[in-house]
Amino acid sequence: MDRDLALYPGTFDPFTYGHLDILERALRIFEHVEVTVGINIDKETLFTPDERCELTKECTKHLDGVQVASHEGLIVDRAREVGAGALVRGLRQVSDFDYEFRMAFANRKLYPELETVFLMTSESYALVSATIVRDIHRWDGEIDKFVPPPVVEALQEKKHMLGGENAE
C-alpha cells in the first residue's frame, strides 16, 4: 500500500473549480492523487466516462502528481488495485458530511487499511456543484466562474451537438 497515493473519486460531470480546489489541496498532503472518474450505469451523465476523463486531464495538466482514470464498481476495489492508502473527499457544506460519513464507515468495513480524508472546500466554492453548473449552462447562464475553460468549451460544444439553445 502506497501512503503517498490517494484516490479522489467522483462523477466529475463536469469537473469544476471546486473539484480543482480539493485536488490542489490534496496534493499538499499526498505526493500522488488519482482523480477516479466513477462509472455508474444507473446515473445519467451529460458527458461520457471518456469525455469526463479527458476534461479532467485537460483541467489538471498543470499539476504534478495527478493521474486520471475511470472505474466502475466499488472504490475500495480500485484502491486495492492501485495500492492507494487513502480516499480524498471534499465537503462543501454540513449536508455533505452525513452521506460522506456513512460512506467512509462502509469503505472502512470493506477495506480497513484505507483511510478517508475529508477536505473542506474553500469558501468561494462552497455552493458550486456540477449539478448547479449544468443547470446554469442549460439556461445560458455564465459558467466561467464555476468551471475551467476546457469545461466551458466542452459544455458549449455539447449543447450545440444536442440541439442548441436550452437543450441538454
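Predicted model: local features only at pLDDT ≥ 70, side-chain atom pairs only at ≥ 80, totals over all residues.
**Entry 1: glutamate 34.** I started with the contacts of glutamate 34: leaving aside neighbours within four places in sequence, they are Leu5, Ala6, Leu7, Tyr8, Gln67, Ala69, Arg78 and Val82. Contact here means heavy atoms within 4.5 Å.

Residues are numbered from 1 along each chain as its sequence is written, and side-chain values use heavy atoms, with hydrogens and water left out.

I found glutamate 34 in strand E2 (residues 32-39); strands are DSSP runs of at least two residues (E), helices of at least four (H or I), numbered from the N terminus. Is glutamate 34 buried or exposed? It counts as buried because its relative accessibility is 4%; buried means under 20% relative accessible area, exposed over 50%, and partly exposed in between (1.4 Å probe, protein chains only).

**Entry 2: helix H5.** Next I looked up helix H5 (residues 130-138), whose buried residues are Ala130, Val133 and His137. They cover an arc of only 60° around the axis, so they sit on the same side of H5; the arc is that of the directions from the helix axis to the C-beta atoms. Helix H6 (149-161) is included in what covers them.

**Entry 3: phenylalanine 97.** Last, I found phenylalanine 97 in helix H4 (residues 94-110). Phenylalanine 97 is partly exposed, at a relative accessible area of 35%.
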